Amino acid sequence: MSITYGPLTKADAVRCAELESLLFPGDDPWPERAFHAELAGGHTHYVAARADGTVVGYAGIAQLGRTPPYEYEIHTIGVDPEYQGRGIGRRMLEQLLEVADDGVIFLEVRTDNEPAIALYESVGFVRVGLRKRYYRVSGADAYTMRRDPPSVAKREAP
Ligand SMILES: CC(C)(COP(=O)(O)OP(=O)(O)OC[C@H]1O[C@@H](n2cnc3c(N)ncnc32)[C@H](O)[C@@H]1OP(=O)(O)O)[C@@H](O)C(=O)NCCC(=O)NCCS
């Protein structure tokens, strides 16, 4: 099955909300209107992975600040459980990193989400903070993770 990658559109909001309920059942899954708001934002970049036209993955990042140097925040990433473990999450994350390569990127992730933490660490994110009871519904804790732009990371390397 070949997977194609491209922009996420408003027409995908229903499917994304469906995937959110599957992926984040106890953690306030985003409803359709949250995706509409994100896509209307103008400061966000969202990508989709599709199998036979059906969205099987989505990921988005926001640019923070009005003038450079910008910071960025990864808002969400998810892959249909039936399609996980095939490189789709990594491919979408790399696409987000490309648009944010000039700035520091932040994200929050549940402290028990080992697959996501492993993925983030593999592309240069490091844990910089712990937010207790960050997730309102489940009460789960989150790590804040940060990734410096590659040029800074290289300059500071010993
Ligand atoms: C996190 C998520 C997006 C990864 O997507 P994916 O398509 O399954 O991931 P990939 O196949 O691209 O794997 C990328 C890396 O993730 C890590 N990973 C993926 N599944 C893993 C697992 N079961 N255990 C440990 N690490 C895992 C590995 O580092 C992997 O790299 P490798 O294949 O080189 O070892 C997916 O698991 C998901 O949708 N999870 C539920 C939603 C979620 O938690 N989103 C993140 C919120 S912060």
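Which residues are the closest to the ligand? The closest are Gln84, Gly89, Arg90, Pro115 and Leu119, and 19 residues surround the ligand in total. A residue counts as near a molecule or strand if its C-beta atom, placed from the backbone, lies within 6 Å of it.

Before we go on, a word on what we are looking at. This is a predicted model, where local features need pLDDT of at least 70, side-chain atom pairs count only at pLDDT 80 or more, and totals for chains, interfaces and linings use all residues. Residues are numbered from 1 along each chain as its sequence is written.

Back to the ligand. Strand S4 (71-79), helix H3 (88-99) and helix H4 (114-122) are the elements that give two or more residues to the shell around the ligand. H4 gives the most, with six residues. Helices (H or I, at least four residues) and strands (E, at least two) are DSSP runs, numbered from the N terminus.

Now the record. UniProt, in an unreviewed entry, lists residues 3-150 as "domain: N-acetyltransferase"; such annotations may be inferred rather than shown by experiment, and the positions are in the numbering used here, with feature names shortened. Over residues 3-150 the chain is 28% helix and 35% strand, with the end C-alpha atoms 28 Å apart.

Let's turn to strand S7 (142-147). S7 pairs with strand S5 (residues 104-110) in the antiparallel sense over six bridges, and with S6 in the antiparallel sense over five bridges. Two strands pair if DSSP finds at least two bridges between them.

Last, some backbone details in the loops. Asp52, in the loop between strand S2 (44-51) and S3, has a positive phi of about 50° although it is not a glycine. Asp52 counts as exposed because it has 9 C-beta neighbours inside 10 Å. Finally, the peptide bond from Pro68 to Pro69 is cis, with omega near 0°, and Pro69 sits in the loop between strand S3 (54-64) and S4.

Terms used
A residue is buried if 20 or more other C-beta atoms lie within 10 Å of its own, exposed if 12 or fewer, and partly exposed in between; C-beta atoms are placed from the backbone.
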